[in-house]
Amino acid sequence: SGLSLNGLYDSRDNPINPYSGRYAFASLRINPEFLGSDKSSSMLWLEYRDYFSLSEDRPRHLIGIWTYGSFVTSGDVPYLDLPALGWDQFGRSGRAYPQGRFRGQSVVYAEAEYRFPLQKSKDTFGGVVFANATTATNQDADINLMEYVDPGVGVGLRIMINKNSQTNLALDYAWGKYGAQGFYLSVNEAF
């Protein structure tokens, strides 16, 4: 248990399916013993998202990028509380791998997604192609960030179920290393 100091910048035109804008978030979490933690520790979360339009006429035609880093900055953190893949706010990072597959004292994640309409003049159906990569430290095994990078790639179909809010039904399939793969069904975009 502890306290966190947070900072947020959000200029996205729509938080559930943005066509433009930026998102930046920073959080420093401090878990002191006097507030009930078994051991004192602190963690830092840094996240950034950006959206680049490829067509003035078709805002659904864009490239989105998302990256975050989660770092233990001091102390000892229990294994299940260590930074891990899929520990983002909505658990959507790392399509192709199970949540928590990569875990360590530091985790860095990056994803790029190409979003495009599938119809000439309507926005009911869309598609996505994405690629992501994860790297993590493991101090016990002397593994540093960027020593191993685990990629994932995938494709998806989007069905706009509410045009006013731009709500999409998302169906994605992703492939990763070590035979990892998965089907993902969700509402709204991954980021």
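Student: Which residues make the nonpolar surface patch?

Tutor: Keep in mind that this is a predicted model. The patch of about 720 Å² is built from F52, L54, I63, I65, Y114, V129, V153, V155 and W175. Two strands, β4 (62-75) and β7 (150-162), each contribute at least two of its residues.

Student: Why does Y114 count as partly exposed?

Tutor: Y114, found in strand β5 (residues 106-117), has a relative accessibility of 33%. Buried means under 20% and exposed means over 50%, so Y114 falls in between and is called partly exposed.

Student: How many aromatic pairs are there in the whole structure?

Tutor: A search finds nine. One of them joins Y51 and F191.

Student: What makes the pair of Y51 and F191 stacked?

Tutor: Their planes are 25 degrees apart, and under 30 degrees counts as stacked. Their centres are 6.2 Å apart, which is within the 6.5 Å needed for a pair. Y51 is in strand β3 (residues 41-53) and F191 in the segment after β9 (181-187), 140 residues apart, so the pair links distant parts of the chain.

Student: How do you know that the charged end of R115 sits over the ring of F191?

Tutor: R115 has its charged end 4.9 Å from the ring centre of F191, and the distance limit is 6 Å. Likewise, R103 lies over the face of Y79, 5.1 Å from the ring centre.

Terms used:
Residues are numbered from 1 along each chain as its sequence is written. This is a predicted model: local features need pLDDT of at least 70, side-chain atom pairs count only at pLDDT 80 or more; totals for chains, interfaces and linings use all residues. Side-chain values use heavy atoms; hydrogens and water are left out. Patches are made of residues with over 30% relative accessible area and no salt bridge: like charges are joined within 9 Å, nonpolar side chains (Val, Leu, Ile, Met, Phe, Trp, Tyr) within 5 Å. Accessible areas come from the Shrake-Rupley method with a 1.4 Å probe; for residues, only the protein chains shown count as cover. A salt bridge is a side-chain nitrogen of Lys or Arg within 4 Å of a carboxyl oxygen of Asp or Glu. Helices (H or I, at least four residues) and strands (E, at least two) are DSSP runs, numbered from the N terminus. Buried means under 20% relative accessible area, exposed over 50%, partly exposed in between (1.4 Å probe, protein chains only). Rings of Phe, Tyr and Trp (its six-membered ring) pair if their centres lie within 6.5 Å; planes under 30 degrees apart count as stacked, over 60 as edge-to-face and the rest as tilted. A charge sits over a ring if NZ of Lys or CZ of Arg is within 6 Å of the ring centre and within 35 degrees of the ring normal.
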